[in-house]
Each structure stands twice: as C-alpha cells, then as structure tokens.
Amino acid sequence: MLPTEVFTCFPGQMWDRVLSKVKKAVVFMDDKCAESLHWNGGATSVFQSGARNLKQFSSFEAGGENEPKAVFVVSTLLKGRTADIIQDIVGLSHFQYCVVFTTVAHSIHLLANNVTAVLEGNPVFEQFEDKLCEWMGDMNYTAEVMHAPVVFAPVSPQLFLAPTFAHLFPLLPRDLEAINMKRPEKKRFGSLTDVDLHSLTPELQIEIKSLASAVNSMFESTSTREESFALGPMSRLIAGELANHPQAKNRRKTAPNKASIVFIDRTLDLTGAAGHHGDSLVEKILTVLQPLPGHTTDVQVDMLELTNLQRTTDSQPTLAPGCLVQTQSSTARLLWETMLASKQKEAVMEVRRQLVEAASKENLPIKMGLGRVTPEQLCSYIQLFKSNWGALESHCGVIQLGLATAQTLRHPTLPRWDSCLAFERLLLQALGDSDFAGVLRQLLPLMKPRAAKGEEGSSSEYSSGSRLGEEECGPDELLVLLVYLYSLAGEAQPADNEEEEEKVERELIGALTLVITREAELSPLLQKLTGCGSIEELTMERAHTAVEGVFDTLRELSHARDHLKQLNSVYTASDGVHQAMYRPFLRQVLEEIFHPDRPESPDIEHMSGGLTDMLKTGFSMFMKVSRPHPSDHALLFLFLVGGVTPSELRLIREVVSAHKPGTQVLVLSTRLLRPTDVPELLFTTQRLVPDIGV
C-alpha cells in the first residue's frame, strides 16, 4: 500500500471508532463533526451502523421514551456550554447508556482545567462519566467518555480539510497590539514572529494544541516520523507544538515511515486567496451557490429540475438540496476529483462526458453535442433522467455534479467574477507604473451604490462606474478587491506624498460606507461586519465605523512578508516585453523545496523537537552536519493555515510533476477558500478568541 493511501484511510478509521458505538443509539452531533462525517460516508454510514436517529447537538433536542442509548459527538471541550447542552439533552430524555466522543484530547482537557501534573488514566473523562450517570438519574447506568480525532474531511485523495478549525486564521499586527496591551511595557513583543504560545489567550492556545494533537494522531496512526517546517508566525507556533508534542517524542524513536510537513500562513499570500485568476470551476461553484447550512465547504445544489414541482417561493424548503460530496459512487467521486484539479474548460467537458456516458448506459435518447459546453446543453442531458427512477438512482452523484455545474454557469452573478478578474489585471499593471494612491484612485469609479431593481436612468451619469445589472460588483466583491490590492501595496512605486494616499483612502471609506447603506439587503458578510441583522438596523454611523475598521486592517496586509528574507514578494513588474504578473507564494515555496541544489532556505524554518535535533542544529554551525530539509522524504505534507484555494491544488500538482515527479504531496488545510471568505476571516473573525465551546 502506498503511503498516501495509508493516510487517505485515516479519517475513516477514526470515524469507525465512533460508528462501532452507535448501534441502537440516538446520535447527537455538532456542526463541525457533522461536516467531517459528511465527507466520510455521511449520515448513511451512521444508519448502516445501526443508529436509530441522528440529531443536531442542541438543547432543543432529546431522545424518545423508548430510546435508552445516546451517543454524542462533539468538537469541543467537555465543559461550559458543551456540558450544559449534554445535560439539557440527557435531562429531557430517558437514557440509561451514554457515550461521549470529543475531538479534543484528554491532555488538552487537563490544560483547560489548569492541571499541569502528569496524571495516570483519564481523570477528566472519568469525572464526566460520573456526571452523565448523575444526569441520567442512576449511578448504576453506563457512561463512557473518550477521545476520537474525527477532525479531517478527505475532500479528495490529495486534500484533507479540518472543518473544526475553519475559523483558525494567522494573527495580524492589530492582534499583536491586543496581546501587548496585557503585558508589562518591558516585555512587549516587537513583532508577531516574537510571540510565543504561552502569551496567547487560553482559547487560542487550546485551539493550536488541539490542531497539533489532531495532526499528531494522524502520524501516530500511520507510524510516521515527521520533520516539521514553518513559514509564518502562526505556522511556527503550530509546528513547534507538534515538534514538542509529548506523545510524538516516543513515536519518532520507532516509527518506520518518514515524511516532511511544512506549515504555511495564509496571510503570506492573500493575493492568491482573494484573486479571481484561478480558472477553476469548483472555485466558481463554491462562490455562487449557497453553502449547506452549518457547513464551510459544501454547497446546496437545487434539485427542482428533477421533479414535477413548480418553482414558487414555497416549494424550495420542501425539497432537500443536492451537494458536491459523492461518497457512494466511485464514478461521481472521480468526476469531483477531476473538477477540483482541472482548469474550468477541461472540468466542464468532463462533466458533459460523464452525463453522456451515464445516459448511454441507460439507453436514454441522448443527442450528442460537440463544441462549447453550455448550461442549457447540460440541463437537457439531465432532464433525460427525470422520468426514469432507476437511472436517476444509479447516477444521482454525477447528476448532482452536473446540476451544480449548470447552475453555476448560468448563475446571474457569475459575470461579476469576470468583472473582478478584469479589474485585478488592470490593478496589477498599474502597480508598477504609479504610487499606491494612484492605484487606489482607480477603485473610486467602482464605489457606486447599486441601483435598486427596476430603477431606471441611473446609468446615464457614468458608464464604467455603472452599478446597474448583476455583473456589477457588490460590496462583498469590493471588499475582496480591496484585500487583493492592499496585499500588494508594498509593490507600488514609492509615494511622493503620503497625504495624497490618506486623502484617497478617506474618499474610499466614504464611498464604500454609502454603497453598504444603499444595499437593498445585507449579505451574511455585511451582517457580520456591521453587527446588524437587517438593512433597517444599519445606520450611516455604524457602517462608517465598520468600514474604518476594515481599512485599519487592510493597511497591515502588505507587511505580512516583511520578516522574510527571500520569499518576500508575489509580484513581478512589467519589463516592457512581459506584463506585470502575480507570482504565487506557494509556487515559490515549492520551487525552493524542490531545487536540485537543495539550498538551505532562510525563510523555511525547521522546528526541532528534542535534544538530538537541537545538537544537530548547533553542530552544523561549525561542522558539516546536514540539517533536515523538506525534500528529504518522498512524502511531503503542506498544511495551509487559513485555507487553500482549488486553483492552488492544481498549481501544487503542476509544480511537483515538473520538479520532482516521484514525490507524493498531501495538502492539509483549515478550509477550501472562496474569494469572499477572505474578508470574513480578516474583518469579522475573533482570531485571538476562537469559539472552543466553553
């Protein structure tokens, strides 16, 4: 068995521990674990394992009178809010047997309870078992509490996501200010690279330790000895925690398999995350279709076309949506992997090919179409399955992916993608020719309130700045463009007049405030940004304050790579022959790792775990001792802290096959990014105080 296949099996093996306990039980599961399950066999696997019911982890749920067994699966510490919800559910039910699985290891429960001593057994879990019996009303009833790291979602054989950590994001300079405020003046940190784990909030310490523990569980399960490397302050903390993990030290002495893992902060390249240059069908699907409730990755696919229901405002909630995850059909799973790894044109053609093949297998009267694939053509193929229940059931996975593709290609907001892409290209060229104030000024014509539907005559005032029509950028897209531009601010020509830049910023703040207040309704991003649930609640003052906060954060983005000596730019200016270009940070890192001369990069830091490594590092200063290098092993893990885009997955594959085809690369990340996720993570996420369920 190939090493990557061993790792691909790991998430399922962890879920098997949970599934072995669900027979005849009501299963209560929180959203983060439910999302992990969704990519590991879904609810089907729970019911096939004998569960009676599967319910949301909520105080408003309970078991029935004839349901004596419960299984809880949670991604949080067993204290505070999580413990209260379990108590509420147990109190409303008639359970005699409760099993609780938490993704948080017992050692971290000790830390959360301020226990520093090394204790035998699992005393925190044992205490919780006693509480469960107490809540069930009889100390002779059965309770079990255990750790199960059901953290990873295998989105493809090359990509594992960790939905539990979807909102973990590298810190920004404004977070450093908050950390320093609680420290004596003489002990304040000069930069984010100086921050150590113990100076962070307890919540963030627990989040980082939990993530390191989950990665450690994967290496433990596969008997792998890893060498950890880091790029960026947050990655440094996670890699350091993994390198010094108490269980890891014993494992590394005996583990037969070897791998390198490189942690990379997303903030080192926000240009790639916010940009629309990816040419990826999946990126567009994730952007234009609505997410599944409670999920950060998968989307809702409208299945109405396969029914005889009429499209009315009432019919939609009665119909369960389709989705992108296809764990039951190998054909659909391979199609999804192709869509994820290919350019848009290739992916769309493969969707058509699979639909034609499925229709041919069922002897459906298909009319072959050549040339450009259109959403109408895809829908006409899908309609053939509508009246054939057997064919529909056999090929429902491919059909759902076909519908997702068709609905994306004909979505009224898709033209905004091309508008953003065109403007990003314009900004890239402008950066090399003018100072930042001049580039910023090019954004002003876009900052116009969208005309309300049915409003006439408002386009005559300006043409390029017209905000009529679905193809025009809304506030969400404008925020993404601002992130894209400010992430490249350091590449602009030196400013002659800083006051001019401040003046343009003030104009942009005023214009964007007006754009937001003139919206017909607030998007989820704007609701989080302004703290208002509806446009009626929003005042000009609240919008202005929110936008000022956005610009305070934006100004910090261009300094993310200041501490790097070599990999400190993602921009190549025009030389008169070639246009200015964005140079993906990930490409530069991989080219550095796979360089045939194996140079020692000053930016890719090796995180030593133990005395031997420290001695090796020390001796190498005056003796010829080879220090660990990321390309030492045939298996390389890239962990992108803060998210990875579908087009970056393709880039990784291309660079590896060009530079070192024999290397197997597995990508781990906290989420699969769409451009609009980036403003949410930057402007609305509590990075220092993540929700750990307490």
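Helix 8 passes helix 9 in a right-handed crossing. The contact draws on Leu204, Ile208, Lys209, Leu211, Ala212, Val215, Asn216 and Phe219 from helix 8, and on Met234, Leu237, Ile238, Glu241 and Leu242 from helix 9. The model is a predicted one. The axes of helix 8 and helix 9 (residues 233-243) come within 9 Å and cross at roughly 55 degrees. That angle makes helix 8 oblique to helix 9, because angles of 65 to 115 degrees would be needed for roughly perpendicular and angles under 35 degrees for roughly parallel.

An α-helix has 3.6 residues a turn, so residues three or four places apart point the same way. Among the residues that helix 8 brings to the contact are Leu204, Ile208, Leu211, Val215 and Phe219.

Helix 8 itself covers residues 202-221. At 1.5 Å a residue, its 20 residues should span 28 Å, and the C-alpha atoms at its ends are 28 Å apart, so the two values agree. Of these 20 residues, 16 are buried, so helix 8 is largely enclosed by the rest of the structure. Just after the helix comes Ser223, with a positive phi of about 50 degrees.

Five strands form an open sheet in the order 2-1-3-4-5, and their pairing is parallel. Strand 2 (53-56) and strand 5 (142-147) are the edge strands, each pairing on one side only. On average, neighbouring strands of this sheet are turned by 15 degrees against each other, direction ignored. Helix 2 (residues 31-38) packs on the sheet, where it touches strand 1 (26-29), strand 2 and strand 3. The direction of helix 2 makes about 110 degrees with that of strand 1.

Strands of a sheet pair through backbone hydrogen bonds, either parallel or antiparallel. Here, strand 3 (residues 69-74) and strand 4 (residues 97-102) run parallel and are joined by six bridges. Val74 has Thr102 of strand 4 as its bridge partner.

His109 lies in helix 5 (residues 106-112). Is His109 buried or exposed? Its relative accessibility is 1%, so His109 counts as buried, the cut-off being under 20%.

Methods
Residues are numbered from 1 along each chain as its sequence is written. This is a predicted model: local features need pLDDT of at least 70, side-chain atom pairs count only at pLDDT 80 or more; totals for chains, interfaces and linings use all residues. Side-chain values use heavy atoms; hydrogens and water are left out. Helices (H or I, at least four residues) and strands (E, at least two) are DSSP runs, numbered from the N terminus. The expected span of a helix is 1.5 Å times one less than its number of residues. Buried means under 20% relative accessible area, exposed over 50%, partly exposed in between (1.4 Å probe, protein chains only). Two strands pair if DSSP finds at least two bridges between them. Axes are lines fitted to C-alpha atoms, for helices over the stretch in contact, and angles run from 0 to 180 degrees between N-to-C directions. Contact means heavy atoms within 4.5 Å. Angles under 35 degrees count as roughly parallel, over 145 as roughly antiparallel, 65 to 115 as roughly perpendicular and the rest as oblique. A crossing is left-handed if the near helix is turned anticlockwise from the far one by less than a right angle, and right-handed if clockwise.
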